[in-house]
Amino acid sequence: MATQSQASAAFYKQLGRMYGTYTGAFVAFIVFLAILEYIGVPNRVIGYLFVFFTLAVYAIIGVMTRTAEVSEYYVAGRRVPAFYNGMATGADWMSAASFVGMAGSLFLFGYDGLAWVLGWTGGFVLVSILVGPYLRKFGAYTVPDFMSFRFGGNFARFLAVVVLVACSFTYVTAQIFGTGIIASRFLGMQFEVAVFVGLVGILLCAMLGGMRAVTWTQIAQYIVLIIAYLVPIVILSTRKYGFPIPELTYGTAIAEITAREAQLVKDGLATLCTAANCGPTTLKPHIQPFLNYTPLNFFGIIFCMMVGTASLPHILMRYFTTPSVREARQSVGWSLFFIFLLYFSAPAYAAFSKLEVYTNIIGRPITEIRPWMFTWGELGLIQVCGKNAASLQAVIDACKSIAGHPGVIRFQDFVINTDVIVLSTPEIAGLPYVVSGLVAAGGLAAALSTADGLLLAIANALSHDVYYKMIQPMKQQSRNLTVWIIGAVIVFIMYWFMTGTGPFGIAWRWWGIGGLAVIAAATYPFLQNANDVQRRLVIARVLLLLVAIASAATASTRPSDILAMVGWAFSLAMAGNFPALVLGIWWKRTTTAGAIAGMIAGFGLCLFYLVTTRYYPQMGVDYFGMTAMLNPTTGLPIVDITKGVKPLAVQQVGWFNLNNINCGLLGMPLGFLVMIVVSLVTPAPSKEMQALVDEIRKPRGRTVLEEKTS
Amino acid sequence: MAPADTKANQEAHWSKTTRLMLTHLGIWFFFGYVIHMFVNQLNAIKIPILGFPLGFYMAAQGSLIVFVVMLFAFAKQQDKIDRDHGYAED
């Protein structure tokens with residue numbers, strides 16, 4: 001025992017030395033680029049150097065940590081220390097939306113935006129006390145592994161795979177879309193090519209080393225993303241308030257914003273949002289709650305995001321990699337600490353940006369407009385007087401064409417895309433371009449690390465659960481038949497659903513089918529002779545590649561529907577997984593029939609509410625008693641449902657005025673109810689199963705599930 | 001000396017674990033929801049020096065700090081329960 005803990009202490013020390021050196025080298029690299037900028041190297045070159053050097057480092061880590069062992073591939077050999085697993089989880093968790101979008105939502109929604117900050121942090125409490133450490137003791141490779149073991153076999157496993165794919169695929173597509181957007185904005189790359197570059201970056205990290213490689217690259221990506229997020233705002237805070245902790249100084253900014261809001265209303269430059277009139281052109285005070293969400297939806301978002309956190313497979317599987325149950329618990333603490341560093345800074349970004357907009361843009365004569373806006377105006381991300389603010393002349397012309405315009409920019413004249421908030425802060429603060437490049441590298445790190453984790457979660461469910469556990473044990477003949485059918489379905493899907501053009505002008509469907517043919521031809525003779533372990537790993541990698549191509553192809557079509565669905569992942573995971581996970585561990589009486597009925601009912605209801613409210617609102621009104629959604633401030637219906645409703649991106653009808661993103665609030669209670677009732681009317685689980693549940697509850701001893709690893 | 005792995009010991013361990021779980025769920029619920037229901041009343045209070053309205057501050061930072069501290073405290077407390085009953089890992 002002593003030698004083992006000595007070995008792990010040495011490993012820990014070595015990790016500290018490695019990542020310490022890495023962080024130092026990264027800082028030196030930033031300084032080096034700053035010097036290049038100073039001596040006149042063009043901005044674009046600096047941007048490229050930033051992105052390509054960071055991508056190269058992740059790829060090198062990914063290749064160096066390749067593995068030929070099953071347990072290394074699926075759970076990184078279960079020896080990632082709590083502290084480092086916390087960092088990796090931080091990167092896994094924080095997506096392009098957290099890095100780029102969160103501050104923007106806070107800018108736009110003020111207090112109401114904090115629902116996301118609370119929802120995306122508090123869930124880790126549930127992970128630690130209800131689910132994570134118990135799954136670690138159980139010893140699964142994937143979440144469906146647990147479902148199958150606890151709830152009697154492959155049907156429960158299959159349901160869990162469906163839930164997993166439903167909540168992870170839209171999510172990973174959004175991440176790849178995010179890499180494309182960031183790379184095309186900062187590097188001027190063509191969007192489709194940028195998506196492809198992102199895809200290659202993700203594959204280099206994940207394919208050879210599975211969970212092991214993803215873990216060590218995610219730590220490297222966390223270091224980049226947190227430095228990139230904090231540097232601009234720390235400098236801004238120091239310049240403005242003479243104190244380098246923005247999280248403390250933005251209180252003053254909020255007081256100034258509140259004063260400025262009153263002034264703008266008094267000067268007639270803005271109309272205050274009131275119960276009689278409230279919409280996108282009225283000013284909503286930054287600290288006033290419940291103007292954008294009703295209290296039900298505000299607390300609903302917090303609840304669904306929190307419970308969703310504790311149900312998302314790509315997060316739960318990170319805690320399978322720690323050396324012990326004890327470290328799994330500590331690791332959740334470290335995860336939230338590292339996430340907290342970013343989330344408690346996001347409101348500071350929002351406040352500083354808002355103060356800048358309210359003092360230096362709104363209420364200013366048009367001719368005094370700040371030039372940093374034009375960069376974003378050209379891209380259509382900032383509009384003044386209804387036109388893109390591409391140049392001073394464009395703004396003057398646009399405002400002149402509005403009758404009775406006072407020549408001073410009013411609140412309703414100014415529209416900003418929320419992505420701009422984080423991306424433009426370096427320019428607002430007057431920082432050199434190297435800081436903007438750093439922010440781009442950070443945004444890419446956030447998107448790539450989340451994409452890695454999600455992709456691995458999907459591919460592992462397909463290779464471990466569907467192939468290894470469900471198809472492999474079949475008899476030779478039916479196995480061959482199944483593989484052929486699945487292959488045919490994949491080709492069919494690729495041909496019919498993959499639209500859009502990939503890089504080099506070749507359609508994605510041909511990239512997909514061609515790739516599949518090459519892979520099949522290359523691996524078939526090998527698979528014939530391979531042993532069990534080799535076959536498992538090859539199939540795992542092939543499936544990872546296929547899922548990655550499918551999501552990149554989807555992302556390259558800029559699917560607005562899919563991007564809007566990302567928030568749904570939390571509710572779907574919550575409705576499908578949470579009751580089964582919690583009751584499976586905490587209530588021995590939960591039976592197979594109960595769990596299966598509960599999962600179907602909960603997930604089904606949530607999915608039904610989402611699809612009906614978004615795509616078939618008229619049917620919802622006609623057959624399911626849905627009513628019009630109400631404006632949160634005025635309480636008036638947003639549509640007249642007697643005149644008929646068409647499907648639109650903005651949700652128009654629903655039950656109880658509930659946002660469809662909160663459908664978990666309907667699905668999860670139903671899931672619990674059905675699971676409990678059906679369990680009580682079916683015979684109790686066997687004595688052996690109950691004894692195994694007792695085993696899961698005790699950290700000491702071997703894992704319950706012993707995988708064959710060689 | 002840790003107690004033997006008897007049924008009584010197992011039940012005592014689990015009832016303590018359950019109680020700890022409920023305590024933390026209570027704190028989680030208070031700081032995740034209850035306190036934010038009073039945001040308007042809390043916003044009337046300004047935090048001295050920093051200038052934050054208290055209701056806004058709790059949602060932006062206060063509750064988050066509580067969650068982080070809670071998680072480390074929970075890891076320690078649960079480990080103590082496991083040790084006392086002889087179920088901790090070596």
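Trainee: At what angle do helix H6 (residues 114-138) and helix H24 (residues 568-586) of chain A pack, and how far apart are their axes?
Mentor: The angle is about 75°, and the axes are 10 Å apart. Axes here are lines fitted to C-alpha atoms, for helices over the stretch in contact, and angles run from 0 to 180 degrees between N-to-C directions. Before you go on, remember that this is a predicted model: local features need pLDDT of at least 70 and side-chain atom pairs count only at pLDDT 80 or more, while totals for chains, interfaces and linings use all residues. Residues are numbered from 1 along each chain as its sequence is written, and chains are lettered from A and ligands numbered from 1 in the order in which they are written.

Trainee: Why is that pair called roughly perpendicular?
Mentor: Go by the classes: under 35 degrees is roughly parallel, over 145 roughly antiparallel, 65 to 115 roughly perpendicular, and the rest oblique. H6(A) and H24(A) pack at about 75°, and that makes H6(A) roughly perpendicular to H24(A).

Trainee: And what makes the two helices a contact, residue by residue?
Mentor: Two residues are in contact if their C-beta atoms, placed from the backbone, lie within 7 Å. On the H6(A) side you have A:Leu130, A:Val131 and A:Tyr134, and they meet A:Leu581, A:Val582 and A:Ile585 of H24(A). The residues of this contact split into six nonpolar, no polar and no charged.

Trainee: What counts as a helix or a strand here, anyway?
Mentor: They're DSSP runs numbered from the N terminus: helices are H or I with at least four residues, strands are E with at least two.

Trainee: How far does H6(A) reach, and what span is expected?
Mentor: From first C-alpha to last, its 25 residues reach 35 Å, close to the expected 36 Å. The expected span is 1.5 Å times one less than the number of residues.

Trainee: Where does H6(A) bend, and by how much?
Mentor: At A:Val127, by about 55°. A bend is the angle between axes fitted to the seven residues ending at a residue and the seven starting there. Just past the helix, A:Gly139 takes a positive phi of about 90°.

Trainee: Why is H6(A) described as largely enclosed?
Mentor: A residue is buried if 20 or more other C-beta atoms, placed from the backbone, lie within 10 Å of its own, exposed if 12 or fewer, and partly exposed in between. In H6(A), 24 of the 25 residues are buried, so the rest of the structure largely encloses it.

Trainee: What about helix H8 (residues 154-187) of chain A: what makes it mostly covered?
Mentor: Of its 34 residues, 26 are buried. H8(A) reaches 47 Å, close to the expected 50 Å, and bends by about 25° at A:Ser168. A:Gly188 follows H8(A), with a positive phi near 65°.

Trainee: Is A:Cys385 buried or exposed?
Mentor: Buried: 22 other C-beta atoms lie within 10 Å of A:Cys385.

Trainee: And A:Arg78, why is that one called partly exposed?
Mentor: A:Arg78 has 19 C-beta neighbours inside 10 Å, so it counts as partly exposed. Its phi is positive too, near 50°, and A:Arg78 sits in the loop between helix H3 (70-75) and helix H4 (82-93) of chain A.

Trainee: How do you know which class A:Pro632 falls in?
Mentor: Count again: A:Pro632 has 20 other C-beta atoms within 10 Å, so it is buried. A:Pro632 lies in the loop between strand S4 (627-628) and strand S5 (653-654) of chain A, and among the residues it touches are A:Phe290 and A:Tyr293.

Trainee: How many residues does each chain give to the contact between chains A and B?
Mentor: Chain B gives 36 residues and chain A gives 40. On the chain B side, H3(B) gives the most, with 16 residues. That side divides into 23 nonpolar, nine polar and four charged.

Note on methods. Ala, Val, Leu, Ile, Met, Phe, Trp, Tyr, Cys and Pro count as nonpolar, Asp, Glu, Lys and Arg as charged, and the others, Gly among them, as polar. Lists of a residue's contacts leave out its neighbours within four places in sequence.
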